[in-house]
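Welcome! Let's take a walk through this protein together, starting with the whole and then stopping at a few places along the chain.

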Amino acid sequence: MSDVLTLGETMAAFRATGALRLGGTAGISIAGAESTVAIGLARLGHTVGWVGVTGADEPGALVRRTLRAEGVDLTWSRVDPDAPTGLILFEPRVADLNRVTYHRAGSAGSRLTPADVDRAFDAASPRVLHVTGITCALGPGPYAAVRTAVERARAAGALVCLDVNHRNRLWSVAEAAAALRPLLPWVDLVVASADELPVLTDADDPAAALRAGGVREVVVKLGVDGATSHHESGTVHRPARRVPVVETIGAGDAFVAGLLSALLDGADVTGRLDRAVTTAAFAVATRGDWEGLPERAELALLDHEPGTALR
């Protein structure tokens with residue numbers, strides 16, 4: 001049994017140093033919300049598996065090599081020889097504002113199916129299943145895979161975490177609502193930014209409505225204002241860690257990695273939020289989606305004064 005199982009698309013990521021239309025240089029890495037969470041959890045000492053599909057190409061080889069190197073189990077991932085690995089382009093446009101362009105239509109990742117999920121659950125059920133709205137937006141197959149995953153996880157007694165992770169370039173709020181709301185009966189933990197909560201409910205008090213509908217805990221990400229958990233015993237808020245902001249991409253997924261890590265460790269609500277805002281701070285203070293995420297022994301680094309040399 002693994003601690004966490006997640007599923008979705010991981011792409012080859014190109015990070016340009018300037019405007020794409022002007023040419024220039026770019027660094028190559030990988031990016032994907034679910035795999036960022038997986039890497040974050042693996043670095044914190046948890047066992048985590050990723051279910052996904054890559055192409056039989058060099059970008060796919062990069063994805064698989066990177067995830068294996070980071071300790072993520074790819075036993076239930078597969079290679080599709082008839083579809084390319086998706087691409088994502090990051091372009092710094094103004095100051096710290098980045099423009100993101102996807103090339104993922106018809107990608108191998110969009111060929112994820114319920115059969116991929118069944119293979120994983122037939123082997124063993126995880127303690128936690130983590131899914132996101134991004135995977136649901138990739139097409140009927142990936143959506144069916146997510147639905148199968150949440151149903152099988154709940155039947156096996158695993159905790160189900162849903163991160164709304166709404167992407168306007170993938171689908172509208174109405175489309176996301178129509179897909180994600182039917183999943184809520186199987187969801188224990190919802191993670192969303194404040195502006196994403198209307199995807200899940202039309203209520204004036206979204207967190208209260210979700211809790212009344214059966215979700216055990218609703219964690220609202222508030223960016224520079226920290227995060228708030230709404231749970232059976234009330235509400236807990238924790239402020240964000242103050243760090244120099246280098247890049248905000250990937251911060252939400254880093255937050256989820258810290259949240260689930262502390263949950264697996266048995267921490268209380270305050271402890272879970274503290275670890276979540278800490279891992280998010282590592283993400284915003286470094287470049288890349290996942291490259292700067294901490295090892296467990298590094299979680300206390302942000303307690304040092306700025307400019308400290310660790311000798």
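This is a predicted model: local features need pLDDT of at least 70, side-chain atom pairs count only at pLDDT 80 or more; totals for chains, interfaces and linings use all residues.

Residues are numbered from 1 along each chain as its sequence is written, and side-chain values use heavy atoms, with hydrogens and water left out.

Let's begin with the whole. The protein has 9 helices and 14 strands; helices (H or I, at least four residues) and strands (E, at least two) are DSSP runs, numbered from the N terminus. Its radius of gyration is 18 Å, close to the 19 Å from the globule rule for 311 residues, so the protein is as compact as a globular protein of that length. Here the radius is taken over C-alpha atoms, and the rule is 2.2 Å times the number of residues to the power 0.38. Along the principal axes, the C-alpha atoms fill a box of roughly 55 × 50 × 35 Å.

How much of the protein is buried? Of its 311 residues, 55% are, where buried means under 20% relative accessible area, exposed over 50%, and partly exposed in between (1.4 Å probe, protein chains only).

Now look at helix H9, residues 269-284. At 1.5 Å a residue, its 16 residues should span 22 Å, and its end C-alpha atoms are 23 Å apart, which agrees. The expected span is 1.5 Å times one less than the number of residues. Because 13 of those 16 residues are buried, H9 is largely enclosed by the rest of the structure.

Helix H6 (residues 173-180) has its own buried residues: Ala176, Ala177, Ala179 and Leu180. Their cover includes helix H4 (133-136) and helix H5 (140-156).

In the loop between strand S10 (159-163) and H6 sits asparagine 165. Its phi is near 45°, a positive value in a residue other than glycine. Most residues other than glycine have a negative phi. Asparagine 165 has 6% relative accessibility, so it counts as buried.

Our last stop is threonine 101, in strand S8 (residues 97-103). With 24% relative accessibility, threonine 101 counts as partly exposed. Leaving aside neighbours within four places in sequence, threonine 101 is in contact (heavy atoms within 4.5 Å) with Leu87, Ile88, Leu89 and Arg169.
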